[in-house]
Structure formats: structure tokens, C-alpha cells
Amino acid sequence: MSEQTAGQAAEQQTVETARAAPAGAGGIAAGPVGLDDVAALDAAEAELDDLDAALRRLEAGTYGRCERCGDDMAAEQLARRPLARLCPRHAA
Ligand SMILES: [Zn+2]
């Protein structure tokens, strides 16, 4: 019992340290736009493209099919990556 309490105390300390670390950094970068921001923007645009394509496939009734071979993708794969365009065979 006392061992568990000690563990919880240590965990609490870690949480407090982590919370204290970013103090002063604020949520929004104040400096000029960096490469990280450009990369994040690129990633967001790519995701938007995938989303757009998924919506068009939904409208066309081909959602969940590989764009390469037309095979139905496994429900498990779609649950993990709803915007997947290719089956595992062709995504690799
Ligand atoms: Zn395929």
C-alpha cells in the first residue's frame, strides 16, 4: 500500500515538472514562420486533399476501395485510416 502511494507521488511530481516546463512559451509562436510551420501546413494541406478525395469517393460510391486496384479495403484498415486511398498492398 505504501509502495503504491510512493509511486503515485513520483508520478505527480513528473506531471508538475512537465507542466512547469513550457511556462512563458505561450501557445502561439511569436517569431517569424519557421520550417516547422511550413511542414505542418504542408501536412495539413495533404490531409485536406485526402479528406476531399474521401468525400468524392463517398459521393461516387467508391469509398473504401483502393484507387489502384479497386479492391475493397478491410473495415479494420478504414477504422484506423479512414482517409486511406490505397489498400495495404498498394500503400506500401
Ligand atoms: Zn490496391
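Visitor: Does Leu51 count as buried or exposed, and why?

Guide: A residue is buried if 20 or more other C-beta atoms lie within 10 Å of its own, exposed if 12 or fewer, and partly exposed in between, with C-beta atoms placed from the backbone. Leu51 counts as exposed because it has 12 C-beta neighbours inside 10 Å. This is a predicted model, in which local features need pLDDT of at least 70 and side-chain atom pairs count only at pLDDT 80 or more, while totals for chains, interfaces and linings use all residues. Residues are numbered from 1 along each chain as its sequence is written.

Visitor: Which helix holds Leu51?

Guide: Helices are DSSP runs of H or I with at least four residues, strands are runs of E with at least two, and both are numbered from the N terminus. By that reading, Leu51 belongs to helix 2, residues 35-60, in a chain that has four helices and zero strands and follows the pattern α-α-α-α.

Visitor: How many residues of helix 2 are buried?

Guide: The number is zero of 26, so helix 2 lies largely in the open. Across the chain, buried residues make up 1% of the 92 residues.

Visitor: What distance separates the C-alpha atoms of Leu51 and Arg85?

Guide: They are 9.9 Å apart, although 34 residues separate Leu51 and Arg85 along the chain.
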